[in-house]
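Open the model in your viewer and keep the selection panel at hand. Each stop says what to select and what is there.

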Amino acid sequence: MTDITQKIWQYFEEICRIPRTSKNEEKICDYLKQFAEKEHLAYKQDAAGNVLILKPAVKDKENLKTVILQSHVDMVGEKNSDVQHDFLTEPINAYIDGDWMKARGTTLGADDGIGMAAAVAILADPTIEHGPLEALFTVDEETGLTGAKALEENFMTGEILINLDSEDEGELFIGCAGGIDTTAVFRYTTTKIPANARAFQLSITGLTGGHSGDDIDKGRGNAIKILNQILLKSVELFGISLARFEGGNLRNAIPREASAIVIIDPVHYNKFEQHALSIAGQWKESLITTSPGFHFSIDPYEKADTIIDINTLSGLLNAIEACPSGVIRMSETMPGLVSTSTNLASVKFTGTNTITIATSQRSDDEKAKKEIARHIHDIFEIAGATVTHSDGYPGWTPNPQSPILEITKTVYSDLFSKQPIVRAIHAGLECGLFLEKYPTLDMISFGPTIKGAHSPSEQLNIPTVKQFADLLLGVLGKIPEKNYPA
């Protein structure tokens with residue numbers, strides 16, 4: 001069997017040099033089109049920006065079913081607060097640490113850069129035995145799967161789709177959760193800080209964070225929820241006021257950091273500090289195994305000049321306290337799989353006198369997804385916020401009788417002398433959206449092992465990239481003819 005591992009790494013290195021955060025994918029799409037032209041491969045791009053590159057079958061393989069190799073071009077741009085990095089202009093600074101590839105203080109972009117690199121490596125290799133191939137590269141997957149939503153009905157012709165966006169070697173995915181975003185906006189008025197008051201900045205850093213779907217059950221702590229607990233109790237006990245509250249970043253990432261500027265009468269400061277450190281200490285102890293880097297600090301702050309009104313302060317803190325963030329229900333049919341969850345993703349002071357709260361809900365049950373979104377809606381609406389929902393996206397219902405699943409299971413066991421795990425994932429893959437427009441597609445998803453996706457701790461397991469490549473080529477070598485029953 002051809003070994004394309006070296007080519008995958010070559011293309012992944014090139015991809016890491018290209019800025020490609022969500023909604024800023026022009027450069028990576030240009031790269032793909034230039035690659036197709038260099039390799040003399042036909043390609044097209046739709047109105048949304050999705051790129052499709054076509055590679056004809058090798059000799060005597062023309063009658064095989066057409067396979068779509070699918071990956072997304074965008075990456076999550078998360079970095080530690082002490083790291084200077086411009087995701088719009090600067091390349092990812094990747095390095096190797098033992099069996100892992102990592103990035104210095106930022107996300108690596110292996111999600112889904114490594115899937116993209118695998119597809120490009122196959123397109124570039126003339127020695128691989130395969131039938132007709134279509135490589136689909138979708139845009140803006142990470143902020144709402146908008147590329148997949150906008151995909152035209154006749155853009156592809158393939159009968160089998162292999163999604164290259166999974167993150168656990170040895171596991172084959174045949175289903176995923178659907179999702180929806182719920183956004184709340186508070187509007188506030190301000191008054192000047194009392195003359196005798198003092199301002200302090202409270203900061204939480206060092207939480208592990210992670211993917212708001214795949215990591216939501218790992219107990220890693222939500223920086224916004226933790227800091228809010230300190231703030232809410234301090235309002236009750238010491239009458240603190242709030243000048244600013246910021247936390248989290250992206251809707252699909254568990255918040256790792258949060259900070260607030262609080263105003264307090266100096267007479268209460270010592271007890272306030274003792275109280276805040278006590279709560280933080282309890283959290284540090286409870287998160288010692290899941291977020292060992294947890295850190296809380298209180299520092300004087302000199303730049304504050306106004307505070308938000310008391311009604312908005314009360315509504316904001318009480319709503320965040322009441323808003324769940326984590327697992328809502330586990331699956332009854334697939335042991336160990338989260339069925340429904342919600343993530344309190346970010347708090348941002350946005351625009352003039354507005355505070356925006358971003359949350360996301362996921363479920364493999366459409367009714368449960370709508371119920372938890374409605375629950376979040378009601379919490380913030382009662383607190384005085386204006387609440388809206390995104391259009392959402394559907395889940396991908398598992399098909400245990402899938403022909404491509406059987407092929408992949410057989411190839412995996414033949415290659416590695418063990419059986420793969422077949423499961424669904426509590427994350428949003430684009431497969432559910434593809435089925436809406438291509439209802440006869442036979443689909444599967446697999447990939448190498450990636451840990452800490454959507455956070456600066458993201459890391460790609462190097463040995464599993466070869467296993468991923470071998471499995472992908474093995475499956476392509478077993479694709480049946482077009483007249484073979486679906």
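Predicted model: local features only at pLDDT ≥ 70, side-chain atom pairs only at ≥ 80, totals over all residues.

**Stop 1**

Select Cys16 and show its sulfur. Cys16 is buried, at 6% relative accessible area, because that value is under the 20% cut-off. A search of the whole structure finds zero. Cys16 is in none of them; the nearest cysteine sulfur belongs to Cys29, 16 Å away. Next, select Cys323. Its relative accessibility is 1%, so Cys323 counts as buried.

**Stop 1**

How many cavities of 30 Å³ or more does the search find? The whole structure holds two. Then colour the lining by residue class.

**Stop 3**

Move on to the second largest cavity, with a volume of about 40 Å³. For its lining, select Glu169, Gly170, Glu171, Leu172, Tyr412, Phe446, Gly447, Gln467, Phe468 and Leu471. By class, this lining has five nonpolar, three polar and two charged residues.

Which elements each supply at least two residues of this lining? Show strand S8 (171-176) and helix H11 (462-476). H11 gives the most, with three residues. Leave H11 highlighted beside the cavity lining to end the tour.

Notes. Residues numbered from 1 in each chain as written. Heavy atoms only, no water. Disulfide = S-S within 2.5 Å. Buried < 20%, exposed > 50% of the residue type's maximum accessible area, 1.4 Å probe, protein only. 1 Å grid on protein atoms, 1.4 Å probe; cavity = no way out; pocket = protein on both sides within 12 Å on 5 of 7 lines; lining within 4 Å. Points joined across faces, edges and corners; volume = space filled by probe spheres on them. Helix = DSSP H or I, 4+ residues; strand = E, 2+ residues; numbered from the N terminus. Nonpolar A, V, L, I, M, F, W, Y, C, P; charged D, E, K, R; others polar.
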